[in-house]
Amino acid sequence: MRIGRDDGTLDRSDGGAGSRERKASELMGGECSRGGAVCLRFPSPFFEEEGVCPPEQRRMVEGSKGALDSLGPMTFPPPFRPARIVRTTVWTESLRSVVLDVEPARFVPGQFFQLGFSVGEKWIRRSYSAASAPGAPAEFFLSLVPGGELTPNLFKLGVGDELGFDEAALGFFTLGEVPECRTLWLVSTGTGLGPYISMLREENELRRFERVIVVHGARTKSEHAYSEELNALCARDPRFSYVQVTSRELNESGLSGRVTTVLASGELEGRVGEELGEQSHALICGNPQMIEEMVAALRARGLRKHRRREPGHFNFEKYW
Ligand SMILES: Cc1cc2nc3c(=O)[nH]c(=O)nc-3n(C[C@H](O)[C@H](O)[C@H](O)COP(=O)(O)OP(=O)(O)OC[C@H]3O[C@@H](n4cnc5c(N)ncnc54)[C@H](O)[C@@H]3O)c2cc1C
């Protein structure tokens with residue numbers, strides 16, 4: 001079942017690998033583009049295919065061969081099934097996106113899946129929000145947690161490696177839980193942007209909002225993953241706005257500071273020409289401290305957490 005790597009090569013004999021291989025090739029065809037967010041290099045021996053992106057972009061996104069030679073064969077306890085990585089986008093040393101050769105259709109953007117991996121005798125599972133749209137190859141936006149049980153191992157995986165995927169989608173952090181309102185704010189820090197990428201890739205559900213404002217907090221400019229995709233969306237549809245908020249660097253094209261400080265100072269609303277008030281609904285995702293501060297700020301404005309029986313103005317998803 002598991003691809004063996006004892007001799008540094010990959011065993012192609014596992015059942016179904018052929019079809020996955022073809023699917024992956026289809027996915028990877030012509031992946032190198034200057035305009036899009038996807039620009040990859042594939043040194044994987046498994047796919048024997050390489051798309052080399054322009055040198056100036058190579059630092060940003062690069063497929064990588066896995067480094068799992070020291071780990072033995074893996075078995076997948078139900079309900080997990082093997083899913084192979086077909087694309088890796090390395091945004092920074094501690095931020096990457098992976099695309100798997102599974103195409104879950106039965107989920108709603110904003111929901112999360114369980115990914116699993118065996119480390120020694122232990123099977124470790126964690127929750128990850130889909131960044132892909134339903135029916136598309138599953139994509140996840142991941143951050144490395146130093147000393148964490150799973151992510152240091154996940155970050156050793158490269159194109160052609162397998163991990164466990166449970167196709168049962170979970171969670172209620174979805175647009176179906178957002179009441180009627182004029183403006184939708186999609187506020188995140190770090191990988192909390194992932195569920196919004198999924199929502200934005202399935203634009204139909206967003207048609208009911210007059211404006212959709214994506215706010216992404218990160219420490220450095222390079223951590224603003226998916227920015228090309230978001231800027232392209234704003235350029236093609238004026239209903240969408242995207243604001244980068246960068247805490248440890250000056251950001252000339254966005255705002256400098258933390259999400260909560262630029263809200264408090266009025267810079268954020270000034271930037272988009274829109275008040276975060278009664279006519280708005282905010283989804284907030286990522287770092288729990290940011291969420292707590294954001295919730296306190298919204299409550300101070302008289303806004304309430306949304307409940308089905310008592311419509312409010314914000315929902316949140318804490319990642320830890
Ligand atoms: C609903 C949900 C959706 C999630 N979606 C994503 C996602 O799309 N992308 C993603 O990268 N993560 C996501 N997470 C977090 C993920 O499930 C793991 O917690 C994270 O990857 C760390 O796993 P680990 O085993 O490496 O660390 P662990 O061994 O589980 O954690 C080690 C310590 O780090 C803390 N910690 C956990 N996550 C972080 C973090 N990101 N930054 C700093 N400290 C942290 C924990 O509180 C713990 O004390 C989500 C979590 C939830 C609950």
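**Reading a covered helix**

Analyst: Keeping in mind that this is a predicted model, begin with helix 4, whose buried residues pack against strand 4 (122–129), strand 5 (139–143), strand 7 (183–189), strand 8 (211–218), helix 5 (227–236) and strand 11 (280–286).

User: How many residues of helix 4 are buried, and which are they?

Analyst: A residue is called buried if 20 or more other C-beta atoms lie within 10 Å of its own. In helix 4 (residues 194–201) seven of the eight residues are buried, namely G194, P195, Y196, I197, S198, M199 and L200.

User: In what order do the six strands of the open sheet lie, and which stand at the edges?

Analyst: The order is 10-9-8-7-11-12, with parallel pairing. Strand 10 (255–256) and strand 12 (314–318) each have a single partner strand, so one side of each is left without a neighbour in the sheet. Helix 8 (residues 288–300) packs on this sheet, touching strand 7, strand 8, strand 11 and strand 12, and its direction makes about 165° with that of strand 12. Within the sheet, seven bridges join the parallel strands 7 and 8, and W185 has I213 in strand 8 as its bridge partner.

User: Which residues come nearest to the ligand, and where is its shell drawn from?

Analyst: Of the 20 residues around the ligand, R126, G148, L150, T151 and W320 come nearest. Domain 1 (17–170) and domain 2 (175–318) each contribute at least three residues to the shell, while strand 4 and strand 5 each supply at least two.

Notes:
Residues are numbered from 1 along each chain as its sequence is written. This is a predicted model: local features need pLDDT of at least 70, side-chain atom pairs count only at pLDDT 80 or more; totals for chains, interfaces and linings use all residues. A residue is buried if 20 or more other C-beta atoms lie within 10 Å of its own, exposed if 12 or fewer, and partly exposed in between; C-beta atoms are placed from the backbone. Helices (H or I, at least four residues) and strands (E, at least two) are DSSP runs, numbered from the N terminus. Two residues are in contact if their C-beta atoms, placed from the backbone, lie within 7 Å. A residue is near a molecule or strand if its C-beta atom, placed from the backbone, lies within 6 Å of it. Domain bounds come from an automatic or database domain assignment. Two strands pair if DSSP finds at least two bridges between them. Axes are lines fitted to C-alpha atoms, for helices over the stretch in contact, and angles run from 0 to 180 degrees between N-to-C directions.
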